[in-house]
Amino acid sequence: MNELQMIAGCKEQKREAQKMLYETYARKMYSICLRYSSDQDAAQDLLQDGFMKVFANIGSYQEKGSFEGWMKRVFINLALENLRKRKSIFQSSEDIQNLPDVVDESTEDDQMYRISESELINMVRELPKGYSTVFNLYAIEDYSHREIADMLGISEGTSRSQYVRARQILQDKVKLHIKERM
C-alpha cells in the first residue's frame, strides 16, 4: 500500500490503513513529541493524541504538499497547544542587548562535533520548557521569531530572548561536557 492508498484508506476509516500510517510515521512523530515534552511518558501521550487528531482531521488534507509535512504541523500545533495552556513557561521579554548573540563560531562548531546527537537532544530537553520550545521551533523547525510569537501568543522579543538564552545555556552545557570528557 503506497502513501496515497494509505491516506485514502484512513479517510474511509479503514483500520488496516490507520495501522500502516501509524507504523510508517510513529517514530518520526515521536521524535517531534519528545522535543516538546518533559519526559517520555508525556511524549507518548502526545503521540497518541496527535494520531487521534490526524485520523479525525485527515479529511482536511487536500493532497497538496507533503503529507508528512502536514502531519508534522498537526503534531507541532498540538504540542504548542498543550504548552500554551501553561503559558507561564515563557518569561517576559527583557533587554536582550546584554546577552551574547554569538560565541566564537569555530569553538562552537568544534565542540558540536565532539558530542553525539543524542547527547545534544538530551541537553535541549533539559532546558527550561520555554527555552526548549522556542529553540526547537527556531533552530530545528525553521520558523521565524514572528511565526513563533504568533503560534505561542508571545512577543517577538520574548521569542528572540528565549532563543538567545537557550543557545547560551546549550553552549555552556556543551563546553562543560567537553571539559568533563577530557
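Student: What share of the 182 residues in the protein is buried?
Tutor: Buried residues account for 42% of the 182; buried means under 20% relative accessible area, exposed over 50%, partly exposed in between (1.4 Å probe, protein chains only). This is a predicted model, where local features need pLDDT of at least 70 and side-chain atom pairs count only at pLDDT 80 or more, while totals for chains, interfaces and linings use all residues. Residues are numbered from 1 along each chain as its sequence is written, and side-chain values use heavy atoms, with hydrogens and water left out.

Student: How many aromatic pairs does the structure hold?
Tutor: There are 9. Rings of Phe, Tyr and Trp (its six-membered ring) pair if their centres lie within 6.5 Å; planes under 30 degrees apart count as stacked, over 60 as edge-to-face and the rest as tilted.

Student: Why is the pair F51 and F55 tilted?
Tutor: Because the ring planes of F51 and F55 stand at 40 degrees, with centres 5.9 Å apart. F51 is buried, at 2% relative accessible area.

Student: Which residues are in the cluster linked by ring pairs?
Tutor: Y22, F51, F55 and F75.

Student: And Y138 with Y163, what are the distance and angle?
Tutor: That pair is tilted too, 4.5 Å centre to centre with 55 degrees between the planes. Y138 sits in helix α7 (residues 129-140) and Y163 in helix α9 (residues 156-181), so the pair ties together parts 25 residues apart in sequence. Helices (H or I, at least four residues) and strands (E, at least two) are DSSP runs, numbered from the N terminus.

Student: Is Y163 buried or exposed?
Tutor: Y163 is buried, at 12%, whereas Y138 is partly exposed, at 29%.
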